[in-house]
Amino acid sequence: LVRGQTGAFGVETFQPLVDGPTILGAAFHPTQGLFLSDGRVIWPYHYGTNTVGSVVHAPEGTCFGMGFSPDGRDLWLVTSLDTVSRFDWMWKRTWQGSAESPRDYTFDLLALGIADARAVDIVAGQLYVLDGGAVPSLTVFNIVPPIALAVAAGSGQIDLAWTYNSA
C-alpha cells in the first residue's frame with residue numbers, strides 16, 4: 001500500500017496468487033518474508049516470481065491462522081483442533097520445553113472460551129486470537145511464562161462488527 005496525495009491508502013502493485021489451493025493463512029516473517037498456508041501445509045511465498053517454496057511445516061489439524069513474533073523466533077498457529085500452538089521457527093517444531101523445564105506450548109482454546117479461532121497475532125507481547133463464531137470476537141491474552149495464557153487484564157473479549165463495502 002502507498003499513501004496517495006489525498007492521504008488515502010491505495011494499492012501499489014497487485015499480483016494474483018498462483019493457481020492452486022485456497023489460502024487460509026498468511027504471516028510475514030521479519031527477515032524471511034511472506035509465508036502462506038492452505039490449511040494443510042506452510043510454505044514461503046515469493047511475490048516477485050509468484051511462486052511458493054518447499055513445505056516448511058505440516059501442522060496437526062487445519063491451520064486457519066498464523067502470526068510470527070516480532071523477532072521471528074516463534075510462529076503461533078490456530079487450528080481446527082481448537083488450539084493455539086507456539087512453533088519454534090529455527091527448529092521447525094512445536095515448542096516442547098526440556099526435561100528440566102517441561103512446557104507444553106499448545107493451548108486448548110475451547111477451555112478459554114474460543115470455539116472457532118481463525119486468526120492469531122502477537123502485538124506488544126500479547127496474543128490476539130480472533131474467534132470467527134456466530135458473534136466474531138477478539139480475545140487478548142498475556143503470554144505468562146512459563147506455560148500459560150491469561151486473558152489480559154481489562155481487555156477480556158472484544159466483540160467485533162463490520163460492514164462490507166464493496167468498491
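## His46

A residue counts as partly exposed when its relative accessible area falls between the buried class, under 20%, and the exposed class, over 50%. In this predicted model, His46 has a relative accessible area of 45% and is therefore partly exposed.

His46 belongs to strand β5, which covers residues 42–46. Its side chain makes a polar contact of 2.9 Å with the side chain of Thr49. A polar atom of the His46 side chain also lies 3.4 Å from the backbone nitrogen of Gly48. Phe35 is eleven residues from His46 in sequence, and the two C-alpha atoms are 8.8 Å apart.

## Salt bridges

The whole structure contains three salt bridges. One of them joins Arg40 to Asp38, with 2.8 Å between the closest N and O atoms. Arg40 is exposed at 57% relative accessibility, whereas Asp38 is buried at 10%.

Arg86 pairs with Asp74 in another salt bridge, where the closest N and O atoms are 3.1 Å apart. Because Arg86 is in strand β9 and Asp74 in strand β8, this pair ties together parts twelve residues apart in sequence. Both Arg86 and Asp74 are buried. Arg118 and Asp116 also form a salt bridge, at 2.9 Å from N to O; Arg118 is partly exposed, with a relative accessible area of 36%.

## Asp82

Asp82 sits in the loop between β8 (74–79) and β9 (83–88). Asp82 is buried but has no salt bridge, and the nearest side chain of opposite charge, that of Arg118, is 8.0 Å away. Beyond its neighbours within four places in sequence, Asp82 contacts Phe107, Asp108, Leu109, Leu110 and Ala115.

How values were computed:
Residues numbered from 1 in each chain as written. Predicted model: local features only at pLDDT ≥ 70, side-chain atom pairs only at ≥ 80, totals over all residues. Heavy atoms only, no water. Helix = DSSP H or I, 4+ residues; strand = E, 2+ residues; numbered from the N terminus. Buried < 20%, exposed > 50% of the residue type's maximum accessible area, 1.4 Å probe, protein only. Lys, Arg positive; Asp, Glu negative; His and termini not counted. Salt bridge = Lys/Arg side-chain N within 4 Å of Asp/Glu carboxyl O. Contact = heavy atoms within 4.5 Å. Polar contact = N/O pair within 3.5 Å; in protein donor to acceptor, adjacent residues only side chain to side chain.
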